[in-house]
Amino acid sequence: SQTRLLLPAFERGAEDASHALSRWLGRPILLAVSEVDLVDLADAADVLGPAEAMVASCTMELSGRLTGQLLMTFEDAAGLALADILLNRPAGTSTSWGELEQSAANETANIVGCAFLNSLAAHLPLADAPGHDAPLVPSPPVFRHEFAAALLEFALMDQAVEADRVLLVKSRFTSDGSELQWLLLFVPTGEAIRALATCLAPPKVP
């Protein structure tokens, strides 16, 4: 029930990120929250696809009023197609993740992530949490290209130490009604989950 109460804040973040991304790419892109849920750690392993699949990820570490990670991930073909668009190349030019391709992906993640997080900071119910006045500060995106299992294991490390269920906020991208093989994944730390749970807990009856 508490995760459902978080949904409007994440949906608002996705809406603002959609506007920013559409301006950046010059075409309508929709980012929609597809899941806000506690899932078993074993089930979370499939979020980024088959464990042995290679995935590109731009990861932003969060500090301040909410801690965790924000990952924008791409299947290789989809991510390299995005690089071609941003680098004004013919489709199919980019065939590997070189420095220019990585930079294009990171810049896209930075635009999406900052818009998403700025909206999140304004709308999450954290008024009663310790340090709620602190800003929500993202790090510059860091590009990684690894097996899906390794990327997810790294992202979930903090939560997995504390429990066998993890909180994931998953958002998907579409363009002209077709789903893009990109994913935005918010993974809060255990500390952030406790702060959110405290704020969402019903008031105690005297």
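Student: How many bridges join β3 to strand β7?
Tutor: Seven, and the two strands run antiparallel. Strand β7 covers residues 178-188. Strands here are DSSP runs of E with at least two residues, numbered from the N terminus, and two strands pair if DSSP finds at least two bridges between them. Keep in mind that this is a predicted model, where local features need pLDDT of at least 70, side-chain atom pairs count only at pLDDT 80 or more, and totals for chains, interfaces and linings use all residues. Residues are numbered from 1 along each chain as its sequence is written, and side-chain values use heavy atoms, with hydrogens and water left out.
Student: How many bridges join β2 to β3?
Tutor: Eight, again antiparallel, with β2 spanning residues 54-64. A hairpin of three residues links β2 to β3.
Student: Is β3 mostly covered or open?
Tutor: Mostly covered: seven of the eight residues in β3 (68-75) are buried, meaning under 20% relative accessible area with a 1.4 Å probe, protein chains only.
Student: New topic: where is T67 found?
Tutor: In the loop between β2 and β3.
Student: Why does T67 count as buried?
Tutor: Because its relative accessibility is 18%.
Student: What is T67 in contact with, leaving aside neighbours within four places in sequence?
Tutor: L62, P188, T189, E191 and A192, where contact means heavy atoms within 4.5 Å.

Notes. Buried < 20%, exposed > 50% of the residue type's maximum accessible area, 1.4 Å probe, protein only. Helix = DSSP H or I, 4+ residues; strand = E, 2+ residues; numbered from the N terminus.
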